[in-house]
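This note collects comments on the structure shown below, arranged as numbered points for a colleague's review.

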Amino acid sequence: CSVCCLSSWSRLQELCRLQRVRCRALGVTRRNLGDFEVELLCDYRRVKEFYLVKWRGYPSSANTWEPRRNLRCRGLLQQLHADLARAPAVSYLAQKAEQRRALRRWERHLNRTRSHLGRIAVENEVDLHGPPRDFVYVNEYKVGAGVALTPVTAGCECRDCLAEATFAYNEAGQVRIRAGLPIYECNSRCRCGAECPNRVVQRGIRYDLCIFRTGDGRGWGVRTLQRIRKNSFVMEYVGEIITSEEAERRGQVYDRQGATYLFDLDYVEDVYTVDAAHYGNISHFVNHSCDPNLQVYNVFIENLDQRLPRIALFATRPIRAGEELTFDYNMHVDPVDAESTRMDSNFGLVGGSLGGSPRARGRIECKCGAASCRKFLF
């Protein structure tokens, strides 16, 4: 009989060192029994190079001044000296150290919460902003009051889904239909298995991504830590599904705050909206660009109600590792056939109250910096 240990690996190592106990399974040996992990470097004395160390697992009252030769934390040392170059004040160093600790806690929380393969990193080397308040990471739609999902009642009987001309992907999982056309993936009632090539969006985010603080006044943004091929699925826009009436009420509140995360689901009619202000995934932090590298597609999997598509973002071109991810909040999709004409030309993030055209909502300055920038989001 065995049970999962509630203590983390690093916590067990700390307990061994506190009790002077060696453990081969934990990697605590006679040679490293006296080693302790540096959590933060809080201050610096130039004379003889001494650093004030906050030790992981110990309160701040146990902080000690240590010479450079005692420290083997190159990354933390580089961060401290970079902070000193920006603002040498001790108060700034303490705030920056505390901010990094809060961001690391948030990063660990995000990675514990995510259900997708791609990991999430968090970085802020611009200012002292910490994790956003009142934001809950979710992996799929949260259904609000007055919204009912209609589950599928039938699935495909294909032996080779990729051979069917109606499916949207090629053998590499890249979308092969034009923007504006809907994507229908295989669902739980289909006879094909989990490895079916027509199951792409439902597998979730596959790339390692980083939430970072932008240096040009656009707040948080998202960049990829891995190369992304053209037409590859990157992420879904996830949030709380609400009725258009509730979206109208919330939109008026968001207008006064100067920000909104309302995304109209107006594929066939304007009945529902996705609100990612409080419940969302990493797409909550993706910025707008007039020259984006992501394109929105409507996807249907377990729910075939055309008023409630899933919003998937695919790469419009090859994206380099380290490049910021963006999509057009005021996207316009050119009709390619009768099917795609059902998409509203104003399909996108709502930049103000939901009533009326984008012009009637007030002008919001665009800061994307693209050569083709329209100067205003809406």
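1. Ile282 and its surroundings. Ile282 touches Ile120, Tyr137, Ile205, Leu209, Ile211, Val222 and Met235, leaving aside residues up to four places away in sequence; a contact means heavy atoms within 4.5 Å. The model is predicted, so that local features need pLDDT of at least 70 and side-chain atom pairs count only at pLDDT 80 or more, whereas totals for chains, interfaces and linings use all residues. Residues are numbered from 1 along each chain as its sequence is written, and side-chain values use heavy atoms, with hydrogens and water left out.

2. Nonpolar cores. Ile282 is one of the residues that touch the most other members of the largest nonpolar core, together with Trp106, Leu209, Ile211, Met235, Leu325 and Phe327; this core holds 46 residues. A second, separate core has 15 residues, including Ala168, Leu181, Phe233 and Ala312. A nonpolar core is here a set of buried Ala, Val, Leu, Ile, Met, Phe, Trp, Tyr and Cys residues joined through side-chain atoms within 4.5 Å. Buried means under 20% relative accessible area, exposed over 50%, and partly exposed in between (1.4 Å probe, protein chains only). As general background, nonpolar side chains tend to be buried together in soluble globular proteins.

3. Chain totals. The chain contains 4 helices and 18 strands; these are DSSP runs numbered from the N terminus, helices being H or I with at least four residues and strands E with at least two. Of its 378 residues, 49% count as buried. Among contacts between residues at least 6 apart in sequence, 64% join residues at least 24 apart.

4. Sheet S4-S8-S9. Three strands form an open sheet in the order S4-S8-S9, with mixed pairing; two strands pair if DSSP finds at least two bridges between them. Strand S4 (120-123) and strand S9 (220-224) are at the edges with a single partner strand each, so one side of each has no neighbour in the sheet. Neighbouring strands of this sheet are turned by 25 degrees against each other on average, direction ignored. Axes are lines fitted to C-alpha atoms, for helices over the stretch in contact, and angles run from 0 to 180 degrees between N-to-C directions. S4 and strand S8 (residues 209-213) run parallel and are joined by 4 bridges, with Val122 opposite Ile211 in S8.

5. Sheet S1-S2-S3. Another open sheet of 3 strands has the order S1-S2-S3 and antiparallel pairing. Strand S1 (38-45) and strand S3 (64-67) are its edge strands, each pairing on one side only. S1 is joined to strand S2 (residues 50-55) by 6 bridges, and the bridge partner of Leu40 in S2 is Lys54. Helix H2 (residues 74-86) lies across S1 and S2 and runs at about 40 degrees to S1.

6. What covers the buried residues of helix H4? The cover includes strand S11 (240-243), strand S12 (262-265) and strand S13 (272-275). The buried residues in H4 are Ala247, Arg250, Gly251 and Tyr254. H4 (residues 244-257) has 14 residues and reaches 20 Å from its first C-alpha to its last, close to the 20 Å expected at 1.5 Å a residue; the expected span is 1.5 Å times one less than the number of residues. S12 and S13 form a hairpin with 6 residues between them; they run antiparallel, joined by 4 bridges, and Leu262 stands opposite Asp275 in S13. Leu262 and Asp264 point one way from S12, Phe263 and Leu265 the other way, and all are buried.

7. Asp134 has a positive phi of about 55 degrees although it is not a glycine. Asp134 lies in the loop between S4 and strand S5 (136-137) and counts as exposed at 61% relative accessibility. Lys375, also not a glycine, has a positive phi near 75 degrees; Lys375 is found in the segment after strand S18 (326-327) and is exposed, with a relative accessible area of 54%. For reference, most residues other than glycine have a negative phi.
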